[in-house]
Amino acid sequence: MQAIPPRGTPERAELAARLADRAKFVRTETVRLSRIAGAGHYTAAFSAAELFAALYYAGLSYDPARPDWPDRDRFVLSKGHAAIGLYPVLADVGFFDAAELERYTRLGSPYGDHPDMKKIAGVDFSSGSLGHGLSISVGMAYAARITGRAYRTFCMLGDGELHEGQVWEAAMSAGHYGLSSLVAVVDRNRLCIDGFTSDVMAVEPIEDRFAAFGWRTRRIDGHDLDAVLDAFAELPEPGAGAPTLLVADTVKGRGVRRMEFSPDWHVGNLVGADYDDVMAELEAGLREVAK
Amino acid sequence: MSAQQDAAEIFGNSGTGLKDARSADGSDTRAIPAFVFGEELADIADRDPRVAVLTADLARSNRASDFAARHPDRFVNVGIAEKNMITMAAGMASAGLVPFAATFASFSALLCCEQIRTDCAYPRMPVRVVGHHSGMSMGFYGTSHHSLEDLGIMRTLAELTVVCATDANHLRAVLRASMDHPGAMYIRLGRGRDPEVYADVPEITFGKAVRLRDGGDLTIIATGSEVAPAVAAAASLADAGISARVVDMHTVSHIDAGEVAAAARDTGAILTVEEHNVTNGLGTAVGEVLLSSGLGGTPFRKHGVPDEYVPVGPPAALYAHYKLDADGIAGVAKELVA
């Protein structure tokens, strides 16, 4: 982990401002790349924008010149459909040339809707099939114990993903093994494809469920960068102990009014004036979420 | 067989073995060979720090317990959670380990098919998925515990090497050779205590079949648990004046096409034998080679379990029922060359 400056310092304010700018970058790039593909997972990337920014510009230790550095922190994007928001970040921090993304999803491109670790530097594991990433992360964290390395493993899950049974096999095992180097971040944007999770299949109380499996839990506003940074700064030292769950309350589609909490935009395609309107809305910065 | 004897071998509750695995009437009283899986991996781990072993509450059945006793820090029991085991092994592999994840073949290959494809084969992780007690070797435990479809499913997955271990010495060879094999593997074992075919640990190459016996009238191409009865069948065929070549096709994907073509050209007839549904297993793979090599006219028979769920019965009775014991194989071979 990188050192995170404490709240109230000029360094912290500067960092938070930079992260807000990078979260905006995640959103505008998501819109731009979706137009290349003709379709994109806008809303699942928007809900995770501040989390991506905090992870890659403040939290994770990594070296873009050495993507396979054995001591790097790992990040597993278990909700692989948000990769469209992650690719621009990986390019921006130096894993590959951003110009490569101009061929996003085109024939033979390394960059598909779901990330491929064998084709993309900086992707620690391939994903796309929901429910797998936490098990991958448990394996990575367990391997750190076997190999005597001190890296942390972060895993971002969707809230609808919690419907998958394998998540709970993994959660049970992480608690049993006491993998304190493991951090699961649930992007709690309240929607799966067919509607609100509360209607399709309830996932709450998420913290109680994980706590019952031996996890240390914390709930934060996933769009409040200071809250996210505090949560990262206060993670326990890796070693034997409870793994950490961060439930990040987010808004699916955050940043574009027509998409916020709308089940109609899980996958979409903005064209013409709609594209320009949305880009202008994003450039203007986040507003209050309509109730 | 008594249920107690059976439980002893399959679930490892005591040191006694299931004698009638080989003879339906219990007349074969030779000692059951040791299940060397855990012991061999412990030996490899003594000199190779990449080895890790995972199992799903079956350490006593597959003798991963022998590994755990010597390398407890590199042994993981995930409980009865096979999907988590396979995917966790993939995560461990991404961090530089070579994990062996072992459970009954019905649960590894069938229950975890998607985890094997998506998390192991597709990202080319060096995970060794070990499916033991494959085929119908669990006898009257029934279809839920049988895997007569696993070769077909696994050989369809791209970039997955599919290997059947023949006996204890062959299993040692497979485990040793697997350490530096690229990508993911599915290693299929029978009971893990199959009768001896190889007197010593053989030198093996994945994708290269082993010619165990030469002959000129037909070739019996067998894999895994059916190699030993195929060898015995060839001996009895010799007594009947029929000269059979026997090939151990341990690697089912990708198959040794050259050896198949040589068998067709040299002996003029091919019988495949496998403890598997006749759909999409070894026999189908051999047939594909014959057709694509211009050898489709070769007299050829796929011998295995027909496309059905098998009846209740002890293993040896099931092998006899389906003519998958030595006598049955010899009879089928005689029909082919008649």
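# Briefing: a predicted two-chain model

A:Arg190 sits in the loop between strand 3 (182-188) and strand 4 (191-192) of chain A. Its phi is near 75°, a positive value in a residue other than glycine. The model is predicted. It scores ipTM 0.95 and pTM 0.94.

**Overall build**

- Chain A has 10 helices and seven strands. The radius of gyration of chain A is 18 Å, close to the 19 Å that the globule rule gives for 291 residues, so chain A is as compact as a globular protein of that length.
- Along its principal axes, the C-alpha trace of chain A spans about 55 × 45 × 45 Å.
- Chain B holds 13 helices and 12 strands. Its radius of gyration is 19 Å, close to the 20 Å from the globule rule for 338 residues, so chain B too is as compact as a globular protein of its length.
- The C-alpha atoms of chain B fill a box of roughly 60 × 45 × 35 Å, taken along the principal axes.

**Confidence in chain B**

- The average pLDDT of chain B is 93. At least 70 is reached by 91% of the residues.
- Residues 13-20 of chain B stay under 50 in pLDDT. For this stretch the model has 22 contacts beyond four places in sequence.

**Contact between the chains**

- Chain A contributes 23 residues to the contact, and chain B contributes 25 residues.
- On the side of chain A that touches chain B, the elements giving two or more residues are helix 5 (133-147) and helix 6 (165-177) of chain A.
- Helix 5 of chain A gives the most to that side, with 11 residues.
- By residue class, the side of chain A that touches chain B divides into 11 nonpolar, nine polar and three charged.

**Helix packing in chain A**

- Helix 1 (residues 10-37) and helix 10 (residues 272-283) of chain A have axes that come within 10 Å and cross at roughly 170°. Because angles over 145 degrees count as roughly antiparallel, helix 1 of chain A is roughly antiparallel to helix 10 of chain A.
- From helix 1 of chain A, the contact uses A:Lys24, A:Arg27, A:Thr28, A:Val31 and A:Arg35. They meet A:Tyr275, A:Val278, A:Met279 and A:Leu282 in helix 10 of chain A.
- The residues of this contact divide into five nonpolar, one polar and three charged.

**Sheet in chain B**

- Seven strands of chain B form an open sheet in the order 2-1-3-4-6-5-10. The pairing is mixed.
- Strand 2 (75-77) and strand 10 (251-253) of chain B are the edge strands, and each pairs on one side only.
- Neighbouring strands of this sheet are turned by 20° against each other on average, direction ignored.
- Strand 3 (residues 98-104) and strand 4 (residues 128-132) of chain B run parallel, joined by five bridges. B:Thr103 stands opposite B:Gly131 in strand 4 of chain B.
- Helix 2 (residues 37-47) of chain B packs on the sheet, where it touches strand 1 (51-55) and strand 3 of chain B. The direction of helix 2 makes about 155° with that of strand 1 of chain B.

**Cis peptide bonds**

- In chain A, the peptide bond from A:Glu204 to A:Pro205 is cis, with omega near 0°. A:Pro205 is found in the loop between helix 7 (197-200) and helix 8 (206-212) of chain A.
- In chain B, the bond from B:Ser253 to B:His254 is cis, with omega near -5°. B:His254 lies in the loop between strand 10 and helix 10 (257-267) of chain B.

Note on methods: Residues numbered from 1 in each chain as written. Chains lettered and ligands numbered in written order. Predicted model: local features only at pLDDT ≥ 70, side-chain atom pairs only at ≥ 80, totals over all residues. Axes fitted to C-alpha atoms, helices over the stretch in contact; angles between N-to-C directions. Helix = DSSP H or I, 4+ residues; strand = E, 2+ residues; numbered from the N terminus. Parallel < 35°, antiparallel > 145°, perpendicular 65-115°, else oblique. Contact = placed C-beta atoms within 7 Å. Nonpolar A, V, L, I, M, F, W, Y, C, P; charged D, E, K, R; others polar. pLDDT = per-residue confidence, 0-100. Pairing = 2+ DSSP bridges. Rg over C-alpha atoms; globule rule 2.2 N^0.38 Å.
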